[in-house]
Amino acid sequence: MMEVDVAVIGSGPAGLTAAIHAHNGGAREVMLLEREEELGGILKQCIHNGFGLEQFKQDYTGPEYAERLIKELEQTGVQCFLNTLVTGLSSDRVITALSPEHGALEITAKSIVLAMGCRERTRPSIGIPGTRPAGIFTAGVAQRFVNIDGYLPGKKIVILGSGDIGLIMARRLTLEGASVIGVYEIMDYPGGLKRNIVQCLNDFDIPLHLSHTVTEIKGRERVEGVVISKVNGNLRPVPGSEQSIECDTLLLSVGLIPENELSKKAGVELSPATKGPVTSETMETSVPGIFTCGNVSTVFDLVDYVAQTGAAAGAFAALFALGQVSGSKQSVDVVAGESVRVLFPQRYSFQDDLVLFIRAAEPVEKPVTIEVTPPGSRINRLYARPNEMLRVKVPKEKLAEVKQPIMVRIREK
Amino acid sequence: MAVEKRHFVCVVCPVGCEIDVIHDGSKILSMAGNKCEKSEEFVRQELIEPMRILTTTVRIQGSRWPVIPVRTDKAVPKRLFPRMMRQLRHVQLQAPVNMLDVVVRDVLRTGANLIATRTMPRE
């Protein structure tokens, strides 16, 4: 049995930042648990640039961003357990884990930070009919094969879904000599950031087909082709619009889901909208002393946002471990109102500024006002797009007198 | 050159302004749709020569992984990407390599160096 102040599960951008901030916040024994053989999480395979523009004012690639955080962590004396798979987590903050080096571990932590990230939706999550040949990959798996293992997953590639990883992989596979036939998106707007449409598709003349989906996969041993159909306003395939495309590979970039198997074991309440823990502005979950950050909480667009939640989770986890959490345990709900599909966090406990991350329900390509009531704050933005999270801050001072739930709405100006 | 109309999406920041430009090959005659002045420099460069940072991998021996990520240390002409990728097929590094080590100096005489974007210890 080991005892620590703060245990952080996962060493991607959220976990690394949380561990650094838990240390800087005064926690003496901080432990970082990582199931892979290296720190850095998914950043290691995200070799494109565009990371840390806001946080570090630098245009890093994923591995550079990770290495900067890892070097910072090395200065702190945080103990890192690699190749360590956490298998259990209880509400009284006991972690069970397995590692080839240390065997079965039992760790009691005064506070815990969940930073397990998210996983990709797969073919069964979207139910594409057809055969089950080799050659169907999620975009992130293909990214790992190309960028870390040095394999090209195919030569003639169709991409279903226009999430950012799919767009990034369209460019990457083209550079590596594969032919990317097109990206097909069931919605009538793209899933990924606009700049990725430009830099990854337009730059390489890869077509994006909105309101289209894959309705059949063909091939016995290996993918031989797919059938593409147009979809109507209800996202149902339009009969007669089928078109056969020859290809050897289908990549899926159809969304990410926070990975909360451990959170459930600890009895953490999950939000149906974000699929992550119900969280306060201090990143504390419904279980006292268990904190959450990054994509296990809700899927963010930018690593800067992930790191911001990691910093808060680490700092408040340290305060909790040191018994220095101030104030009473009162809190109010933060509620998604009109035109808001996803809202994070969902509770406010009067300890810090309220930084809201908001995903709009529908694209609005004109100026909007984000209303936070109470206290009646109105924040203007030039547009609201479901594929680009909005972030707004309401200062703590403005919220001191709030008694009822805080409603967040997006209105056209 | 005759007067030409072109459409751009600015990638300088996440707003992604849609910009309509009319130019005559030597100067911009009109520009509409951009919400700030940063787009002007972007569009001017796009009209002359679109520049991007190339990120890819090259082979490496003696390390845990068979490839290592690399990038150009500044933007290079986009049209050179296919030629650069062909040249980089022949690069083979030996571990250990440190992050920011120069892998190829002055790649295709662009003035840009190709640098490693992670540390790869010897195993």
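## Helix 8 of chain A

The model described here is predicted. Helix 8 of chain A covers residues 303-321. At 1.5 Å a residue its 19 residues should span 27 Å, and the distance of 26 Å between its end C-alpha atoms agrees with this. Of these 19 residues, 17 are buried, so helix 8 of chain A is largely enclosed by the rest of the structure.

## Helix 1 of chain A

Helix 1 of chain A is formed by residues 13-24. From the first C-alpha to the last, its 12 residues reach 16 Å, close to the 16 Å expected at 1.5 Å a residue. Just after helix 1 of chain A comes A:G26, with a positive phi of about 105 degrees.

Helix 1 of chain A is mostly covered, with 11 of its 12 residues buried. The buried residues include A:P13, A:G15, A:L16, A:I20, A:H21 and A:H23. Alanines are also among them, namely A:A14, A:A18, A:A19 and A:A22. The cover over the buried residues of helix 1 of chain A includes helix 2 and helix 8 of chain A. Strand 1 (2-9), strand 2 (30-33) and strand 8 (103-114) of chain A also take part in this cover.

## Chain A as a whole

Chain A has 9 helices and 27 strands. Its radius of gyration is 22 Å, close to the 22 Å that the globule rule gives for 413 residues, so chain A is as compact as a globular protein of that length. Along the principal axes, the C-alpha atoms of chain A fill a box of roughly 65 × 55 × 40 Å. Buried residues amount to 51% of the 413 in chain A. Among contacts in chain A with a separation of 6 or more, 65% join residues 24 or more positions apart.

The domain assignment of chain A gives domain 1 as 1-120 + 256-325, domain 2 as 122-254 and domain 3 as 328-413. Between the C-alpha centres of domain 2 of chain A and domain 3 of chain A the distance is 34 Å.

## A hairpin in chain A

Strand 6 (residues 85-89) and strand 7 (residues 94-99) of chain A pair in the antiparallel sense, over 4 bridges. Within this pair, A:G88 stands opposite A:T96 in strand 7 of chain A. The two strands form a hairpin with 4 residues between them. In the turn, A:R93 has a positive phi of about 65 degrees.

A:A134 lies in the loop between helix 3 (123-126) and strand 10 (136-138) of chain A. With 14 other C-beta atoms within 10 Å, A:A134 is partly exposed; a residue would need 20 or more to count as buried.

Leaving aside neighbours within four places in sequence, A:A134 is in contact with A:E221 and A:R222. A:V287, by contrast, is 153 residues from A:A134 along the chain, and the C-alpha atoms of the two are separated by 42 Å.

## Chain B

Chain B has 2 helices and 10 strands. Read from the N terminus, its elements run β-β-β-α-β-β-β-β-α-β-β-β. The radius of gyration of chain B is 19 Å, whereas a compact globule of 123 residues would have one near 14 Å. The box filled by the C-alpha atoms of chain B along the principal axes is roughly 60 × 30 × 20 Å. Buried residues make up 28% of the 123 residues. Residues 24 or more positions apart account for 47% of the contacts in chain B with a separation of 6 or more.

The domain assignment of chain B gives domain 1 (4-48) and domain 2 (55-116). Taken over C-alpha atoms, the centres of these two domains of chain B are 31 Å apart.

## Contact between the chains

The contact between chain A and chain B takes 20 residues from chain A and 22 residues from chain B. On the side of chain A that touches chain B, helix 2 (62-74), helix 4 (139-149) and helix 6 (194-201) of chain A each supply at least two residues. Helix 6 of chain A gives the largest share of that side, 4 residues. By class, the side of chain A that touches chain B has 7 nonpolar, 6 polar and 7 charged residues.

Technical notes
Residues numbered from 1 in each chain as written. Chains lettered and ligands numbered in written order. Predicted model: local features only at pLDDT ≥ 70, side-chain atom pairs only at ≥ 80, totals over all residues. Domains from an automatic or database assignment. Pairing = 2+ DSSP bridges. Contact = placed C-beta atoms within 7 Å. Nonpolar A, V, L, I, M, F, W, Y, C, P; charged D, E, K, R; others polar. Expected span 1.5 Å × (residues − 1). Rg over C-alpha atoms; globule rule 2.2 N^0.38 Å.
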